[in-house]
Amino acid sequence: MEDQEHVTLIKVSTNASQYFVDSYYAALNGRQNIIASFYMPPASMPGGSLPSISFNGTQIPTAVAMQTMFEQQIPQPHYEVQCYDCHVVNPNYISEGTQARPAKTGKNITILVAVSGYVKYGNPKEAQPRAFSESFLLVPNPAAAAGQQRMKNVKEWLIQTQTFRIVV
């Protein structure tokens, strides 16, 4: 891999991760009605399989089920991200139904994002903070790859796999 291409991958993955962490946890903290929009739609997954979502050891079947859980079952969360890290997993990912983009753009990558911090459920003045750890595998959004990113609310990167755990 050329040095410039490597630098591009680092910049793209870092910027994508920062934007993702900022927007995803803002949604969890107050805009739960958009949570499902952060996930790959089942139709764009190879074989039509759903995103893999594990929440504290429980497998969540769909992105809509994850959103519903936050809207109806979990007391109002208050996430405070302490740190995150990212790594390029696959520099040549091409989602089903899209064409490869030039490698120099860094837009064909999958990104592993590891996040840790604290969460309070319910009244933030009364709830005890609990440490959490979360991992995401982000993949290019096929709609963005098809040039629809200028449309409102089309995210460039979507969750393909997620694992959340309260740390004991």
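Display the surface of the whole chain: this predicted model exposes about 9200 Å², of which carbon and sulfur atoms supply 52%. Buried residues account for 39% of the 168 residues.

The chain holds three helices and six strands, and from the N terminus their order is α-β-β-α-β-β-β-α-β.

Now select the largest nonpolar core, which has 34 residues; Y24 and M66 touch the most other members. Elements that contribute two or more residues to this core are α1 (3–30), β1 (52–55), α2 (63–73), β3 (77–90), β4 (110–121), β5 (130–140) and β6 (157–166). Helix α1 provides the largest share, nine residues.

Centre the view on M66. Leaving aside residues up to four places away in sequence, M66 touches Y24, I35, Y39, I53, F55, I60 and Q162.

Select F20 and Y24, a stacked pair at 5.3 Å centre to centre with 15° between the planes. These two residues are four apart in helix α1, and therefore about one helical turn separates them. Both F20 and Y24 are buried.

Select Y25 and F132 next: this pair is tilted, at 5.9 Å centre to centre and 35° between the planes. Because Y25 lies in helix α1 and F132 in strand β5, the pair ties together parts 107 residues apart in sequence. Y25 and F132 are likewise buried.

Finally, show K155, which lies over the face of F38 at 4.5 Å from the ring centre.

Conventions:
Residues numbered from 1 in each chain as written. Predicted model: local features only at pLDDT ≥ 70, side-chain atom pairs only at ≥ 80, totals over all residues. Heavy atoms only, no water. Buried < 20%, exposed > 50% of the residue type's maximum accessible area, 1.4 Å probe, protein only. Areas by Shrake-Rupley, 256 points an atom, 1.4 Å probe, with all protein chains shown as cover. Core = buried A, V, L, I, M, F, W, Y, C linked by side-chain atoms within 4.5 Å. Contact = heavy atoms within 4.5 Å. Phe/Tyr/Trp six-rings, centres within 6.5 Å; stacked < 30°, edge-to-face > 60°. Lys NZ or Arg CZ within 6 Å of the ring centre and 35° of its normal.
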